[in-house]
Amino acid sequence: MTRSVRRGSRGGRGGAGRGAAARILIGAALGGAALLAPCVSAAQAADLAAGREKAGICTACHGADGIATAPDAPNLAGTSAFYLVAQLKAYRSGARQHPQMSVIAAGLSDADIANLAAWFAAIRVTATLPP
Ligand code: HEC
């Protein structure tokens with residue numbers, strides 16, 4: 001069974017609907033969009049190209065495509081930008097500690113973190129369950 005996973009999505013807009021049911025759905029979608037607004041605006045403010053460039057220093061362990069090459073490093077591809085930002089800031093502040101990541105995060109600005117998170121979140125991954 002194959003499932004396409006899109007995490008860190010920017011909250012798609014549904015097409016124009018017709019009738020009361022459609023209006024209710026649109027209302028619900030807009031309500032959801034309002035709840036997600038802080039994440040969406042953060043993602044929009046981020047610079048994907050800058051994130052891709054900065055991610056060059058991450059590839060040795062996390063892979064050029066965000067699928068980890070080092071056995072002790074997690075995959076970052078498709079991970080939500082919200083989570084990635086939180087973890088990178090936690091490494092930077094010392095709330096989360098790791099010999100390598102603490103050093104790497106110490107050199108990242110808020111903009112670097114937002115751009116890196118947007119870049120890795122934008123990579124689309126597909127999950128395949130075992131038979
Ligand atoms: C030298 C290898 C190495 C490099 C280079 C590296 N990382 Fe990591 N990264 C790791 C390891 C190992 C972990 C797991 C650390 C832990 O257990 O807390 C990790 C964890 C993380 C996590 C936490 C993920 C999670 O699932 O909680 C994030 C986010 C992350 N790295 C982002 C980056 C970014 C962005 C870069 C480049 C700017 C980078 N890393 C560069 C090795 C590396």
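## Contacts and the overall layout

Two residues are in contact when their C-beta atoms, placed from the backbone, lie within 7 Å. With that in hand, take the contacts in the protein chain between residues at least 6 apart in sequence: 69% of them join residues at least 24 apart. This is a predicted model, where local features need pLDDT of at least 70 and side-chain atom pairs count only at pLDDT 80 or more, while totals for chains, interfaces and linings use all residues. Residues are numbered from 1 along each chain, as its sequence is written.

The protein chain has 6 helices and 2 strands. Helices (H or I, at least four residues) and strands (E, at least two) are DSSP runs, numbered from the N terminus. Along the sequence, the pattern reads β-α-α-α-α-α-α-β. As for burial, 21% of the chain's 131 residues count as buried. A residue is buried if 20 or more other C-beta atoms lie within 10 Å of its own, exposed if 12 or fewer, and partly exposed in between, again with C-beta atoms placed from the backbone.

## Where H4 meets H5

H4 and H5 pack at an angle of about 95°, and their axes are 8 Å apart. That makes H4 roughly perpendicular to H5. The axes are lines fitted to C-alpha atoms, for helices over the stretch in contact, and angles run from 0 to 180 degrees between N-to-C directions. Angles under 35 degrees count as roughly parallel, over 145 as roughly antiparallel, 65 to 115 as roughly perpendicular and the rest as oblique.

On the H4 side, Leu 88, Tyr 91 and Arg 92 meet Met 101, Ser 102, Ala 105 and Ala 106 of H5. This contact divides into 5 nonpolar residues, 1 polar and 1 charged.

Leu 88 sits in helix H4 and is buried, because 21 other C-beta atoms lie within 10 Å. Leaving aside neighbours within four places in sequence, Leu 88 is in contact with Ala 105, Leu 108, Ile 113, Leu 116 and Ala 117. Its C-alpha atom is separated by 9.1 Å from that of Ile 104, 16 residues apart along the chain.

Ser 102 belongs to helix H5. Is Ser 102 buried or partly exposed? Ser 102 has 15 other C-beta atoms within 10 Å, so it is partly exposed. Not counting residues up to four places away in sequence, Ser 102 touches Tyr 91 and Gln 97.

## Helix H6

Now for H6, which is mostly covered, with 10 of its 13 residues buried. The buried ones include Ile 113, Leu 116, Ala 117, Trp 119 and Phe 120. The expected span of a helix is 1.5 Å times one less than its number of residues. For the 13 residues of H6 (residues 110-122) that gives 18 Å, which agrees with end C-alpha atoms 18 Å apart.

## The loop between H3 and H4

Leu 76 lies in the loop between H3 and H4, and counts as buried because it has 25 C-beta neighbours inside 10 Å. Leu 76 touches His 62, Gly 66, Leu 84 and Phe 120, not counting residues up to four places away in sequence. Leu 76 and Ala 117 are 41 residues apart in sequence, but 8.8 Å apart in space, C-alpha to C-alpha.

Thr 69 is also in the loop between H3 and H4. Thr 69 is partly exposed, since 13 other C-beta atoms lie within 10 Å. Leaving aside neighbours within four places in sequence, Thr 69 is in contact with Cys 61 and Gly 63.

Methods
Ala, Val, Leu, Ile, Met, Phe, Trp, Tyr, Cys and Pro count as nonpolar, Asp, Glu, Lys and Arg as charged, and the others, Gly among them, as polar.
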